[in-house]
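Q: Please give me a close look at one part of this model, the way its pieces pack against each other, and then follow the chain onward from there.

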Amino acid sequence: MSIDWENLFLNGLDFSFITEIALRTLIMFLFVLVLLRSSGKKGVRQLSIFEVAIIIALGSAAGDPMMNKDFAILPSLIVFAVILGFYRLLTYVASKSEKFEMVLEGEPMYIIEDGQFTLQEEGADTFAKDEFFAEMRVMSIEHVGQVKTAVLETNGQVSFFFYEDKDVRPGLPVLPKPYQKKSQEIHEAGDYACTHCGKVLHLSAAQYCPRCKKTEWVRAIDTPRIT
Ligand SMILES: [Zn+2]
């Protein structure tokens, strides 16, 4: 296969258009900035699905007139105005109706209750445990037994509520090295945590987890939280 590199990179680019591209990009960038500032959002560390949809629509409308001679800027501005108006309208309705807000943004979800993972009946496979373990490590959490409650917020962040040190119980370790020692076999009696649901049992032989019916265990640890 021969690739026409000149066509790939230039496609008959008119070099006199380069300054216009720069100018178009500058203008569109300023408009995007003004629009995002006027959306009322303070920052974008975490976006809800609804806001990601807005950003994608915005990016597409802003990108075309930046580099394409045939696209005028005004239609993009109309698109911007419609998106902003729509965003404002939906967030206004959401602020008035809890039900609508739930449809738009989703619902916060309990992930840990009483030091164990909640058993999700539906949508459980959309929630990635390794990502969640990473969230816990970022919060200096060594094992699930330190956490009383964890809630996955609609913007993707996780809120943690901790046990006091004296109430910390043995729990499923979330650090990679101890977690990797998970096994279906029990060679030595002790406290073991179910790798699926976090249930801790004193085991001396392999068995099913009575809570979630899985069979993979890892040695539970009960270190207090270092803050
Ligand atoms: Zn289990």
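**A close look at helix 2 and its surroundings**

A: Let's start with helix 2 (residues 18-38) and helix 3 (residues 49-67), which pack at an angle of about 155° with their axes 8 Å apart. Helices (H or I, at least four residues) and strands (E, at least two) are DSSP runs numbered from the N terminus; axes are lines fitted to C-alpha atoms, for helices over the stretch in contact, and angles run from 0 to 180 degrees between N-to-C directions. This is a predicted model, in which local features need pLDDT of at least 70 and side-chain atom pairs count only at pLDDT 80 or more, while totals for chains, interfaces and linings use all residues. Residues are numbered from 1 along each chain as its sequence is written, and side-chain values use heavy atoms, leaving out hydrogens and water.

Helix 2 and helix 3 are therefore roughly antiparallel to each other (under 35 degrees counts as roughly parallel, over 145 as roughly antiparallel, 65 to 115 as roughly perpendicular, the rest as oblique). On the helix 2 side, the contact (heavy atoms within 4.5 Å) is made by Ile-21, Arg-24, Thr-25, Met-28, Phe-29, Val-32, Leu-35 and Leu-36. Helix 3 contributes Ile-55, Leu-58, Ala-61, Ala-62, Pro-65 and Met-66. These residues divide into 12 nonpolar, 1 polar and 1 charged (Ala, Val, Leu, Ile, Met, Phe, Trp, Tyr, Cys and Pro count as nonpolar, Asp, Glu, Lys and Arg as charged, and the others, Gly among them, as polar).

Helix 2 has another neighbour: its axis comes within 11 Å of that of helix 4, and the two cross at roughly 15°. Helix 2 and helix 4 are therefore roughly parallel to each other, and this crossing is right-handed. Here Ile-27, Met-28, Phe-31, Val-32, Leu-35 and Ser-38 of helix 2 meet Ile-73, Ser-76, Leu-77, Phe-80, Leu-84 and Arg-88 of helix 4. By class, that gives 9 nonpolar, 2 polar and 1 charged residues.

Asp-14 and Lys-69 join their side chains in a salt bridge at 3.5 Å, N to O (a side-chain nitrogen of Lys or Arg within 4 Å of a carboxyl oxygen of Asp or Glu). The two are 55 residues apart, with Asp-14 in the loop between helix 1 (5-9) and helix 2, and Lys-69 in the loop between helix 3 and helix 4 (73-96). By this rule there are 4 salt bridges.

Leu-90, Val-93, Ala-94 and Lys-96 of helix 4 touch Glu-98, Phe-100, Glu-101 and Leu-104 of helix 5. This contact has 5 nonpolar, no polar and 3 charged residues.

Next, an open sheet of 4 strands has the order 2-1-3-4, with antiparallel pairing (two strands pair if DSSP finds at least two bridges between them). Its edges are strand 2 (116-117) and strand 4 (158-162), each pairing on one side only. Strand 3 (residues 147-152) pairs with strand 4 over 5 bridges, and Val-147 has Phe-162 as its bridge partner in strand 4. Helix 6 (residues 129-138) lies across strands 1 (109-113), 2, 3 and 4, running at about 55° to strand 4.

Methods: Left-handed = near helix turned anticlockwise from the far one by under 90°.
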